4 protein chains.
Amino acid sequence: MIYFNCDYNEGAHPAILKKLADTNFEQTIGYGEDVYCAQAAEMIRNLCEKEDAAVHFVVGGTQANLTVIDAALRPYQGALCAASGHINVHETGAVEATGHKVLGLPHMDGKITAAQVTEVMEKHLADASAEHTVQPKLVYISSPTEFGTLYTRAELEALHETCRRYGLYLFLDGARMSYGLAASGNDVTLPVLAKCCDVFYLGGTKCGALFGEAIVITNPELKQDFRYMIKQKGGMLAKGRLLGIQFLELLKDNMKMYMELAEHADRLADRIRAAFQEKGFELVCENTTNQIFVILPNAAVKALSEQFVLSLDQVVDDGHQMVRICTSWATKEEDADKLIQAIRQI
Amino acid sequence: MIYFNCDYNEGAHPAILKKLADTNFEQTIGYGEDVYCAQAAEMIRNLCEKEDAAVHFVVGGTQANLTVIDAALRPYQGALCAASGHINVHETGAVEATGHKVLGLPHMDGKITAAQVTEVMEKHLADASAEHTVQPKLVYISSPTEFGTLYTRAELEALHETCRRYGLYLFLDGARMSYGLAASGNDVTLPVLAKCCDVFYLGGTKCGALFGEAIVITNPELKQDFRYMIKQKGGMLAKGRLLGIQFLELLKDNMKMYMELAEHADRLADRIRAAFQEKGFELVCENTTNQIFVILPNAAVKALSEQFVLSLDQVVDDGHQMVRICTSWATKEEDADKLIQAIRQI
Amino acid sequence: MIYFNCDYNEGAHPAILKKLADTNFEQTIGYGEDVYCAQAAEMIRNLCEKEDAAVHFVVGGTQANLTVIDAALRPYQGALCAASGHINVHETGAVEATGHKVLGLPHMDGKITAAQVTEVMEKHLADASAEHTVQPKLVYISSPTEFGTLYTRAELEALHETCRRYGLYLFLDGARMSYGLAASGNDVTLPVLAKCCDVFYLGGTKCGALFGEAIVITNPELKQDFRYMIKQKGGMLAKGRLLGIQFLELLKDNMKMYMELAEHADRLADRIRAAFQEKGFELVCENTTNQIFVILPNAAVKALSEQFVLSLDQVVDDGHQMVRICTSWATKEEDADKLIQAIRQI
Amino acid sequence: MIYFNCDYNEGAHPAILKKLADTNFEQTIGYGEDVYCAQAAEMIRNLCEKEDAAVHFVVGGTQANLTVIDAALRPYQGALCAASGHINVHETGAVEATGHKVLGLPHMDGKITAAQVTEVMEKHLADASAEHTVQPKLVYISSPTEFGTLYTRAELEALHETCRRYGLYLFLDGARMSYGLAASGNDVTLPVLAKCCDVFYLGGTKCGALFGEAIVITNPELKQDFRYMIKQKGGMLAKGRLLGIQFLELLKDNMKMYMELAEHADRLADRIRAAFQEKGFELVCENTTNQIFVILPNAAVKALSEQFVLSLDQVVDDGHQMVRICTSWATKEEDADKLIQAIRQI
């Protein structure tokens, strides 16, 4: 069976494994205070053109999300997000477990708008009983979203301005960051993100590393004592250098490997999408990153599932399902070819 | 100004004040372990025809809700409720602050159905990644609802059976209990509630007492150590007898006062509702309890607001607002007459 | 049986009951935004000579403690206190339930010192792994303490300066406030408390009211959005005026009733203490407020318990127990006489 | 500089790195549901002679501790432990952040006794106001302890029986498990642990792996829905197989590598301890595992610190410090020789 169900089926890029092996017996201090983490943080600051950003590394996305959000909010404050947002549906209530309500908004292909945030805030500010409701204080977005779509630079800037106007933090979940940066049509860069977001992270787990997310904090209010937060939430890796080393490899030479791996995945996804469209299947939304959401007849799902592991996300009706297909940095060209051929033969 | 904005604008029924004064210098032990609380609990068990129910008294509804729900759930479990449910919108995230997600469902006039619960549970059980999502474990309903509507006996029995089938707790918020029991068309009684619900409470605050809610726990799983929960959440009143004494007065003689006060309020509400309908104003929903939700032109709101304090709940469009009007046990007949006359003169 | 086990065995001073009855049918808005609460808050600001203090009323002490502490701390911060402090031993982990560690320090008769706080902070600041430990951010003290002792003005000023130096909040639990203010030897006043503490409260429950604690916040950092906190924690009383009315009665005429009631209790306690000492029984600590802690032979405990309900706090050894005896605003002179006579006859 | 400050300064045993590289491009499903995790779990069940144990893998010790404890406790329950226990002092309040009080007990060289637990429970059961205090429900111990000492089989069995008698869970933190199993004088085995503990874990991070702790749950009450807990707390590794693969390597052939690596470290530690004793320095406690706690004159600390990184744990007095020295699976014989020589030359 060939797995197309997600983008974390394999280990890491061999260069990363090699670097981990090469440095294996070096002695460093623990908990992310080693020289590799320092170098990786400095590299990320440079890539973001934000020399005063705080950079922290954690093992996974749920850790990043719950730690950032709990650090940012006072007890009665909540996080606005798309109803489809990862924190709202696929983290077993991790944010609520830190005491904060996730305030889901209707989404368009996984995205929310500055106008929606404005509407919520105007309503809250006008509410004479506001203190009986959760006070929105942070806007959580993901890009690429859970539907593989991207925020444009203009959309991010609008969200940024709206958040600033209402005293909200803007937090971007970049678990699939590289697939967005490398996507056709993308007009967002790390410096743009560093300007627009109070905090965001660059994903490693899904983008070529064994694991790891690099949290970038640009808002000074959120920087203080962040390591206490990481430790408390169980996110402080004893051998923290494992995170620094991996990001150094991924991002070195101006993100060469990080971008090449993502371009590979995005290009294969584009080809697969085209194959579906040629056959007349309906894509759930238009997008250019490594995830493909398509509505297929049950028979097609069954046929493809003989050779391929897909992610069966949702029953649409008696005859159709919504299916997610992911490529990744590790997807073999030949496997994509096989899938495309199978699609054509449905 | 005459207040019709809510049902807690006055103090308590004079008989309750008198009883508090009469017993004032008796010495009793604290924290709800006194003889009055014991008698009130026994009286409630009899009224519910449920001799093994555990009965606890707390000061307010939010305390009752957060204490019951946190007692009932394990950390990864959540509470299903109508999106309009009090715990979802008007308690400043009190349930989330105990670590649990509130899972809002689309509602019909404040109500949810057994079919909706079934759909959620079937989806959860069929989800191969269920452990990435919050596990529903409790269904929270209120009756009367936040829209003044009532669950019928058949609806409660259907919810009860569905909850039993899926291992869910059914929890009914009865902050306005008496207004429901006394409403025309109501077919629910305390014994029915005690049979259908794992836990519910009878409101005192809005129904004639200074304050107080009587929590009735019928499911043995929820009884254990509940007083630890009350104490931890700050809900254990030092002079606990104040709660017992009030409920004894309210409920004695087979709930005579509790029902008469509610009938008074419901009847006045019926008259006010009729006045709005005679003038052709649109009620938000049909109901027979002490809350009236009506959509009024802005000019009508302005006119009524000269004499009356209303609850302006929502802007409907540029020309209309949704307004809530409450009667209560304390509403004077003459004040209702004035309001009705004012409505007729709009 | 005559109860000397605690200071909340009776209801409230009759003047308070009368005022509640007199205002019973006035219509006010809810949740503490009524005119009585506003007047009581203003009265307290004047008594504290702190015109910009924020004043909020809640029903009980545990509510006050957990709400203040959770409002003051970020997630990784904790509260220093005497190991004997109420929040550390008698609130069922209410503070921990909001996510914060209570850091108990060795106490002297219920008190801690500025020097102890300094030592903790110097150690924390010198700790290279400080972020692996809870960061102390608030000092909780009670006065009168759980042993009935009092902080002197000099001790409070020293704590205040130490807290200021290390960026800590000083929070004083004044559940028995009046018994301290009225005690012989006391040199602390409300203005002194308002100068030294970032937040403190004046107890009503144990000092003549049915219930209620008045929280005074002097530090602007702690004022923001405090009503959201109260609501979330279930501490916002629907008929909030019940709190305002009670404090207005208790504190009017420059705290005349509040002080007289406490003087009565303190004087009776002094007489009871003297009786124990005359008989050669060992007091656990010297103090001048309404609580008496004495070590008695088991036979003496048994003898007294025939007529009086005492608080049996601790087994000291096979032959002795530590007993707490409380007087209160409601203790009858004749009951104290009976107790003294019984002590003399042991 | 040579690091002796802790046991996580290096990466992993080369055989583990090799296995990770060999399996790197295999496609497996994520989140610990792969075949490697299944095999590793089965291997651990066999080693424990407990075929119905549930085995879960998480990245680190704090994650293991907070997830297990929050899964085990109801909101008002707390965890008993040595005051020196890791959860009490070095996890930034991670357990309290899940809402639970850690109840520290006086310790002897890092250990607590069944008699202490009995005393606490008898006092709680005899307390008429028990519900005003946190209910102890779990006993947390670590072995090797934070002082490098070990529980004997008899001590564990006594704790087990005491816990069973009082309905407590016994939870053993085995972050340094292998160093205990391999220590001279140890009489505890995995089957003994599986019999005595309701839940415990085998450390990987400090014992030869890059990271990872294997949680073994023997008590059926604690097994249910544990994966929901792991996910919510951010402990579910996307590429979960990384954990399974590492434990398979560490533990295969009847724990050959796991034991050999630990024996190496323990033997070096024994030699270093002997060197200190020969010079007349006072060990903080006698122990036979890989941690050495010694009290040294400041001059000795200074001298050793020129060549070696030590863990300076505590100032004892003006002239002395308590120092921790760790060997590990990765400590080179020649580095230990250098340290011993330096000790002799102090």
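I started with a definition: two residues are in contact if their C-beta atoms, placed from the backbone, lie within 7 Å.

A note on what I'm looking at: this is a predicted model, where local features need pLDDT of at least 70, side-chain atom pairs count only at pLDDT 80 or more, and totals for chains, interfaces and linings use all residues. Residues are numbered from 1 along each chain as its sequence is written, while chains are lettered from A and ligands numbered from 1 in the order in which they are written.

**Chains D and A**

I looked up how many residues meet here: 41 from chain D and 41 from chain A. On the chain D side, α1 (14–22), α3 (61–72), α5 (94–97) and α11 (226–232) each give two or more residues. My helices (H or I, at least four residues) and strands (E, at least two) are DSSP runs, numbered from the N terminus. The top giver on that side is α1(D), with 4 residues. Next I sorted the chain D side by class and got 20 nonpolar, 16 polar and 5 charged. For the classes, Ala, Val, Leu, Ile, Met, Phe, Trp, Tyr, Cys and Pro count as nonpolar, Asp, Glu, Lys and Arg as charged, and the others, Gly among them, as polar.

Then I laid chain D on chain A: a rotation of 180° with 0.0 Å of shift along its axis does it, with RMSD 0.1 Å. The two copies are therefore related as by a two-fold rotation axis. Both use the same surface, as 100% of the contact residues of chain D recur in chain A. Superposing here means least squares on the C-alpha atoms of residues with pLDDT of at least 70 in both copies.

**Chains A and B**

Here I found 17 residues of chain A in contact with 17 residues of chain B. The chain A side has 5 nonpolar, 8 polar and 4 charged residues.

**Inside chain A: two domains**

I read off domain 1 (14–256) and domain 2 (258–344) of chain A; such bounds come from an automatic or database domain assignment. Their centres, taken over C-alpha atoms, are 27 Å apart. Where they touch, 22 residues of domain 1 of chain A meet 18 residues of domain 2 of chain A. On the domain 1 side, α8 (177–181) and α12 (241–278) of chain A each supply at least two residues. That side divides into 11 nonpolar, 7 polar and 4 charged residues.

Which residues of α6(A) touch α7(A)? I listed Ala114(A), Val117(A), Thr118(A) and Met121(A), which meet Ala158(A), Leu159(A), Thr162(A) and Tyr166(A) of α7(A). By class, this contact has 6 nonpolar, 2 polar and no charged residues.

Most residues other than glycine have a negative phi, and most peptide bonds are trans. I noted a cis bond from Ser143(A) to Pro144(A), with omega near -5°. Pro144(A) sits in the loop between β5 (135–142) and α7 of chain A. In chain B, Ser143(B) and Pro144(B) are also joined by a cis peptide bond, with omega about -5°. My last entry is Met255(A), a residue other than glycine with a positive phi near 65°; Met255(A) lies in helix α12 of chain A.
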